[in-house]
Amino acid sequence: MRNVALHIMDTIGNTPLVRLGRYFKENNVYAKLESANPAGSMKDRTAQRIVSELIRNGTVRKGGTLIESSSGNMAVGLAQACRFYDLKLIVVVDVNLNAQNYKLLAAYGAEVVRVTEPLPNGGFLAARLQKVRELLNLYPGSVWTNQYANPNNPKTYWNVMDEIVESLKSQPDYLFVATSTCGSLMGCADYIQENELSTKLIAVDAKGSVLFGGVSGNRRIPGHGAGVPSKFLDVRKVHEVVHVSDLECVTGCRDLLDKEAILSGGSSGGIITAFNKIRYKIPKNATSVLLLPDSGERYLDTIYNDHWVLEGINQKTSDDNLILNQNMLDGAYNTI
């Protein structure tokens with residue numbers, strides 16, 4: 001019999017590990033479905049740990065104000081946590097935040113501040129962080145949760161690794177993790193190192209991200225990649241980096257839906273594509289785990305909308321050397 005949760009925050013974690021046997025018939029591949037967290041993404045874990053620690057050490061008290069920059073999921077996770085702990089939340093977002101997340105933030109009662117122009121150095125992330133600093137001065141006594149440097153961000157993901165190892169009854173041979181703050185990536189890396197596992201950590205980064213020294217470029221899919229370096233990243237702990245384009249995130253999402261009936265978010269689609277890109281290197285008897293951050297419900301107007309894809313990602317790509325057109329979508333999805 002399943003235990004009764006004490007409260008909604010008590011339901012965070014212990015997300016399903018699902019074998020992707022239809023998609024990857026010749027490989028032993030599992031998806032860790034973080035969309036099963038109560039506010040819909042793995043950032044629920046990060047938000048809960050950071051907020052509860054701020055309360056525990058007295059940095060913030062009931063009625064206090066937290067401020068954070070987010071591309072979407074962290075904002076929603078924090079909004080739920082702040083609602084639960086009777087805190088005020090101000091989140092700084094940019095133009096790439098999708099409409100569904102706006103609605104969720106409004107429902108939870110968060111105040112949303114939107115930046116509309118990227119900075120020349122650092123893009124939208126740098127612009128959001130600049131606005132956070134302005135707001136901290138504007139609201140005396142407010143606290144920045146700072147997912148970009150707060151050590152509780154990577155520490156959160158030791159639990160994820162514990163869950164994976166417990167579910168498999170062994171260590172995975174490969175673990176694929178999307179990058180952004182690199183908290184989840186480095187949390188998993190630290191666990192692997194501390195427990196002397198042989199798991200190979202694969203970082204999935206966006207084309208146009210600077211995390212691994214790439215050239216900054218435009219990105220339309222939120223939730224992975226960054227315009228400024230990570231304060232957590234230690235490249236020595238990463239086995240390999242795979243870069244994926246916005247279009248590859250879209251096709252990965254749609255392939256996963258088609259083959260497994262799993263509606264996933266943008267960075268999850270990127271992870272699917274990344275696995276396919278290096279699949280030839282992975283022994284067929286190896287166990288691979290894909291850490292899928294969220295579901296596709298927040299992307300119905302974008303990734304799963306043919307019109308948005310055709311208009312928003314209709315550009316010549318260096319890897320495909322072609323123009324995106326309706327035929328590429330195989331006619332499988334109509335505009336929502």
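The structure is a predicted model, in which local features need pLDDT of at least 70, side-chain atom pairs count only at pLDDT 80 or more, and totals for chains, interfaces and linings use all residues. Residues are numbered from 1 along each chain as its sequence is written, and side-chain values use heavy atoms, with hydrogens and water left out. The chain has 10 helices and 10 strands. Helices (H or I, at least four residues) and strands (E, at least two) are DSSP runs, numbered from the N terminus.

**Overall build**

- The radius of gyration of the chain is 19 Å, which agrees with the value near 20 Å that a compact globule of 336 residues would have. This radius is taken over C-alpha atoms, and the globule rule is 2.2 Å times the number of residues to the power 0.38.
- Along the principal axes, the C-alpha atoms fill a box of roughly 55 × 45 × 40 Å.
- Of the 336 residues, 55% count as buried. Buried means under 20% relative accessible area, exposed means over 50%, and partly exposed lies in between (1.4 Å probe, protein chains only).
- Among contacts in the chain with a separation of 6 or more, 69% are between residues 24 or more positions apart. A contact means heavy atoms within 4.5 Å.

**Surface and charge**

- The accessible surface of the chain is about 15,300 Å², and carbon and sulfur atoms account for 47% of this area. Accessible areas come from the Shrake-Rupley method with a 1.4 Å probe; for residues, only the protein chains shown count as cover.
- There are 35 positive and 34 negative side chains, and the centres of the two sets lie 3 Å apart. Lys and Arg count as positive and Asp and Glu as negative, while His and the chain ends are not counted. Each charge is placed at NZ of Lys, CZ of Arg, CG of Asp or CD of Glu.

**Domains**

- The domain assignment gives domain 1 (8-36 + 153-299) and domain 2 (42-144). These bounds come from an automatic or database domain assignment.
- The C-alpha centres of domain 1 and domain 2 lie 24 Å apart.
- Across the two domains, 30 residues of domain 1 are in contact with 23 residues of domain 2.

**Residues in a helix or strand**

- Ser 268 is in helix H9 (residues 266-278) and counts as buried because its relative accessible area is 0%. Leaving aside residues up to four places away in sequence, Ser 268 touches Leu 292, Pro 293 and Asp 294.
- Asn 28 is in strand S2 (residues 28-33) and counts as buried because its relative accessibility is 16%.
- Leaving aside residues up to four places away in sequence, Asn 28 touches Arg 19, Lys 284, Ala 286, Thr 287 and Ser 288. Asn 28 and Ala 286 are 258 residues apart along the chain, and their C-alpha atoms are separated by 6.3 Å.

**Residues in loops**

- Leu 197 is in the loop between helix H7 (183-194) and strand S8 (200-206). Leaving aside residues up to four places away in sequence, Leu 197 touches Met 161, Gln 171, Tyr 191 and Ile 192.
- Asn 146 is in the loop between strand S6 (143-144) and helix H5 (152-156). Asn 146 is not a glycine but has a positive phi, near 50°, and its 17% relative accessibility counts as buried.
- Cys 182 is in the loop between strand S7 (174-178) and H7. Cys 182 is not a glycine either, and its phi is positive at about 75°. With a relative accessible area of 1%, Cys 182 is buried.
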